[in-house]
Number of protein chains: 2
Amino acid sequence: MGEFEFDAATRLAGDGPEFGADLDGTWGGQPGLNGGYMLAVCTRALASVLPFPDPVVVSGFYLRPGSAGPARVTTEVIRAGKTTAFGQAALWRDGKETLRATAAFTDLAQPPARTSGRSFSGGAAPELPPPEECFAFEPGAARGVPIAGHFDYRLTAAPGWLRRQPSGNPRYEFWMRFRDGREPDLMSLPLFVDAAPPAALELGVLSTTVELTVHLRARPAPGWLACRTWTKYVAGGYHEEDFEAWDSAGTLVAQSRQLALVLG
Amino acid sequence: MGEFEFDAATRLAGDGPEFGADLDGTWGGQPGLNGGYMLAVCTRALASVLPFPDPVVVSGFYLRPGSAGPARVTTEVIRAGKTTAFGQAALWRDGKETLRATAAFTDLAQPPARTSGRSFSGGAAPELPPPEECFAFEPGAARGVPIAGHFDYRLTAAPGWLRRQPSGNPRYEFWMRFRDGREPDLMSLPLFVDAAPPAALELGVLSTTVELTVHLRARPAPGWLACRTWTKYVAGGYHEEDFEAWDSAGTLVAQSRQLALVLG
């Protein structure tokens with residue numbers, strides 16, 4: 001049918017407020033099912049029940065490790081205001097709640113004229129060589145992390161962790177897109193921000209997400225996303241991880257931060 | 001009775017799962033009641049119903065402007081695991097939900113021995129002159145923003161917005177503490193991170209919080225907090241605001257980000 005992998009993996013059954021989903025193990029990370037994938041499933045469910053099309057902020061709390069198989073998504077419309085609506089979704093597997101997500105939606109095509117002209121940028125998109133001149137993972141390099149097979153990542157050089165020589169600098173800049181040609185959109189950004197190799201790998205740190213907040217700043221233009229991910233503070237058994245994604249027009253489209261629990 | 005202002009303003013009635021609160025207008029910002037104050041009330045309610053003492057991450061969605069007066073806080077224990085518990089709180093005024101907050105709690109005094117030794121810092125506390133050598137607001141400078149009266153802020157120089165000359169650089173570094181001598185703790189950090197003048201004032205931008213996420217990284221030592229707040233991207237009617245707070249021992253104790261809607 002030509003359905004893209006991401007759309008098939010986040011397809012929902014039902015008209016709401018409760019939905020069925022079939023969580024696909026090929027979107028697995030290490031360990032468990034990828035947190036961004038599960039957050040994207042919840043975001044899609046909320047898009048079905050809220051009166052505005054565009055998520056502007058989504059926050060998910062990871063209650064248990066995720067696993068593949070049939071799942072349920074329950075939703076609640078918290079408040080539908082004139083320009084912003086708030087909703088909550090819960091993802092259930094085997095009768096156990098796995099993820100609790102809350103979101104605000106609006107219509108980004110109708111920003112308030114009076115204020116949307118305000119703009120400032122204290123940062124910029126990563127400066128990267130063209131994707132075709134970058135390092136790409138060999139097929140199979142992501143063995144054990146099936147989700148990597150869905151994406152094309154292009155880095156300026158092979159990351160240290162891949163050569164078993166973590167650099168000590170937990171920061172990556174890279175291109176990223178779906179391997180099957182699906183263009184990025186607001187529904188897929190909660191997945192993108194959690195689907196690249198974690199920067200903390202350059203410290204030899206493995207971790208699992210406790211909470212992930214994604215700000216969705218603009219509808220992405222088609223093409224590669226220029227991405228930057230970094231960790232500044234590892235302490236007391238936790239670290240944060242930040243992520244920025246810029247579209248092919250040079251617009252910041254997503255900004256996210258997660259709190260991760262160090263596993264080893 | 002010698003009760004500190006913050007403790008009086010976040011005192012809860014009842015044993016849960018539902019609590020009464022009396023929201024105090026002196027914790028008002030511009031516009032409405034301060035978002036961090038309301039988040040602190042919800043965090044305190046969650047501390048009463050969850051089996052661990054320390055919030056590690058709290059996320060709040062602001063559904064309506066907050067106002068002073070009698071309020072209700074409803075809570076839900078989402079999941080209480082072996083080392084982490086998750087809960088949700090809703091703050092109600094006049095029968096209307098104003099704030100929906102979700103949090104993860106743990107015991108920071110009992111970090112997993114195997115992993116808590118991992119540490120990395122890619123940042124540092126602000127380097128500031130001693131508080132007594134810094135600029136302090138004159139009494140009355142915060143007219144119209146009553147919450148400022150509860151805090152002592154010390155900046156290296158008077159901020160541009162105060163002289164009606166926004167600098168164009170949305171970034172502040174400063175000392176901060178409660179004026180009445182109450183020491184900072186994990187319960188008050190969700191307030192601190194939202195209770196300083198917003199960095200976007202240096203762009204002449206006024207805004208209101210849509211969502212605020214706070215990572216609580218360590219129990220603060222007594223004394224001044226060294227703080228840093230900044231905004232990197234204003235676009236499409238929204239901006240993010242980041243905040244870091246470091247305690248007197250030089251430990252990062254809070255890291256937060258909010259998404260704010262530009263008002264003018």
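Start by selecting A:Ser121, which stands opposite B:Tyr233 in strand 13 of chain B. Strands here are DSSP runs (E, at least two residues), numbered from the N terminus. Strands count as paired if DSSP finds at least two bridges between them.

The model is predicted: local features need pLDDT of at least 70, side-chain atom pairs count only at pLDDT 80 or more, and totals for chains, interfaces and linings use all residues. Residues are numbered from 1 along each chain as its sequence is written, chains are lettered from A and ligands numbered from 1 in the order in which they are written, and side-chain values use heavy atoms, without hydrogens and water.

Next, select the whole contact (heavy atoms within 4.5 Å). Chain A gives 62 residues to it and chain B 62 residues. About 5200 Å² is buried between the two chains, 57% of it on carbon and sulfur atoms; buried area is the accessible area (1.4 Å probe) that two parts lose on being put together, summed over both. On the chain A side, pick A:Arg118, A:Phe120 and A:Tyr233, which lose the most area to chain B, together 15% of what that side buries.

Now turn to the charged pairs. A salt bridge is a side-chain nitrogen of Lys or Arg within 4 Å of a carboxyl oxygen of Asp or Glu. Eight salt bridges are counted between chain A and chain B. Show A:Arg257 with B:Asp242, a salt bridge at 2.9 Å, N to O. Strand 15 (residues 252-262) of chain A supplies seven residues, the largest share of the side of chain A that touches chain B.

Move to B:Lys232 and A:Glu244, a salt bridge whose closest N and O atoms are 3.3 Å apart. B:Lys232 lies in the loop between strand 12 (225-230) and strand 13 of chain B, and A:Glu244 in strand 14 (residues 238-246) of chain A, so this pair joins two chains. B:Lys232 is partly exposed at 23% relative accessibility, whereas A:Glu244 is buried at 1%. Buried means under 20% relative accessible area, exposed over 50%, and partly exposed in between (1.4 Å probe, protein chains only).

Finish within chain B. B:Arg154 and B:Asp152 form a salt bridge at 3.0 Å, N to O; B:Arg154 is buried at 16%, and B:Asp152 is buried at 9%.

Terms used. Helix = DSSP H or I, 4+ residues; strand = E, 2+ residues; numbered from the N terminus.
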